[in-house]
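Here's a quick briefing to read with the model open in your viewer.

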Amino acid sequence: MRYLKNPSTNPYFNLALDEYAMKHIDCDEDFFFLWQNEPSVIIGKNQNTAEEINQKFIDEKGIKIARRVSGGGAVYHDIGNLNFTFVINVDDPGKVNYKKFVQPVIDALASMGVKAEASGRNDILVDGLKISGNAQRMANGKLMHHGTLMFDVDVETLVEALNVDPDKITSKGVKSVRSRVTNIKEHLPEGTTLQQFWDALQFYLSNEGKDEEIVLTDDDIAKIEYEAVNRFGTWDWIYGASPEFNLKNSKRFPGGRIEVLMHVTDGRIDSVRFIGDYLGIEDVEAIEQRMQGTRFNRADVTVVFEQFTLNKYFGTITLDEILSVMFD
């Protein structure tokens, strides 16, 4: 199979390349490319970003957040993860079957001594444990099929980055299905590096290196970089494209109990109520009204609160405590 080479670890460039390859690379033959992301959480197109991530942990660790153009659930990527993308000519959407398109990967793993199998809607398993999740998108008679391969992923960070209380937010988005996972490295000969794994997979999928590389032009790269910056890396795409959702959360502090009820559409606060037994002397409705239309993120909400003398509204409950109810 023909192939591209993609050395980028920028998730916004890589997701832009996925879409560009499907829509704009004029090639009569099927092709593939392998790629990696620096630490990032990749949200499915139809998911609510706020629901799928542990925002506080992600901010502390400097993990990027991105949204892809395909469906499915949220996944964590780091340099221990290898991703693959196939771009396949499909004349009949009814022929689209993900198991058919992951078979080359399963065959490649078998050639390395790893017995894997397709399972469920979109997974690849080894010994009943997940090593890969997959998703697809079609455009212009081409199918873009991409997936993850967990070679040596930091599983603890994966769990923390996606760890959100499922009872906290109710949304019209698609919830992720958490699965037990394993790293491919554990099933290969000791000492096998990710680069060796990458090289073996590349060799197998490219017909033992016989198939021809597709080289992106400077114009191709410029267009992909433009989309990476102006679409895939924007707040409007990452958060604003989330389905509408309701948030309900409460905590008790020394200064009293506070409960937040909120409705968010297109990543912006439609309405919010602050309820509780805190001892304020001013009507909190003024803050609630000012909050309407604000982007649902900690920085923007903080700017609104800082316009008010909060102890007049919430007594001794602090700004950090209020923000923890809304975001933590």
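Let's begin with Thr302, which is buried at a relative accessible area of 15%; that puts it below the 20% cut-off for buried. Thr302 sits in helix α10, residues 298-305, and beyond its neighbours within four places in sequence it is in contact with Leu319 and Leu323. Keep in mind that this is a predicted model.

**Around helix α12**

- Leu323, one of the contacts of Thr302, is also among the buried residues of α12.
- Helix α12 covers residues 319-327, and seven of its nine residues are buried, so the rest of the structure largely encloses it.
- The buried set in α12 runs through Glu321, Ile322, Leu323, Ser324, Val325, Met326 and Phe327.
- What do those buried residues pack against? Their partners are the strands β12 (245-253), β13 (256-265) and β14 (268-276), plus helices α10 and α11 (311-314).

**Overall picture**

- The protein has 12 helices and 14 strands, and its C-alpha trace spans about 75 × 40 × 35 Å along the principal axes.
- Of its 328 residues, 52% count as buried.
- If you take contacts between residues at least 6 apart in sequence, 70% of them join residues at least 24 apart.

**Nonpolar cores**

- In soluble globular proteins, nonpolar side chains tend to be buried together.
- The largest nonpolar core here has 44 residues, and Leu4, Ile25, Phe31 and Val41 have the most contacts inside it.
- Helix α1 (residues 11-24) gives the most to this core, contributing eight residues.
- Leu4 is in contact with Leu17, Ile25, Phe31, Phe32, Phe33, Ile214 and Leu216, again leaving aside neighbours within four places in sequence.
- Apart from this core lies another one of 31 residues, with Leu109, Met112, Leu149 and Trp198 among them.

**A closer look at Met112**

- Met112 belongs to the 31-residue core, yet its place is in a loop, between α4 (98-111) and β7 (117-119).
- Is Met112 buried or exposed? It counts as buried, with a relative accessible area of 19%, just as the cut-off for buried is under 20%.
- Not counting residues up to four places away in sequence, Met112 touches Leu188, Phe197, Ala200 and Leu201.
- Met112 and Tyr204 are 92 residues apart along the chain, and their C-alpha atoms are separated by 9.9 Å.

- Glu208 has a positive phi, near 55°, in a residue other than glycine.
- Glu208 lies in the loop between α6 (194-205) and α7, and at 47% relative accessibility it counts as partly exposed.
- Asp266 isn't a glycine either, and its phi is positive at about 55°.
- You'll find Asp266 in the loop between β13 and β14, two of the strands that the buried residues of α12 pack against.

**Confidence**

- Mean pLDDT for the protein is 90, and 95% of the residues score at least 70.
- Which elements mark the lowest and the highest mean pLDDT? Strand β11 (residues 169-171) is the lowest at 63, while helix α7 (residues 218-232) is the highest at 97.

Definitions and conventions
Residues are numbered from 1 along each chain as its sequence is written. This is a predicted model: local features need pLDDT of at least 70, side-chain atom pairs count only at pLDDT 80 or more; totals for chains, interfaces and linings use all residues. Side-chain values use heavy atoms; hydrogens and water are left out. Helices (H or I, at least four residues) and strands (E, at least two) are DSSP runs, numbered from the N terminus. Buried means under 20% relative accessible area, exposed over 50%, partly exposed in between (1.4 Å probe, protein chains only). Contact means heavy atoms within 4.5 Å. A nonpolar core is a set of buried Ala, Val, Leu, Ile, Met, Phe, Trp, Tyr and Cys residues joined through side-chain atoms within 4.5 Å. pLDDT is the predictor's confidence in each residue, from 0 to 100.
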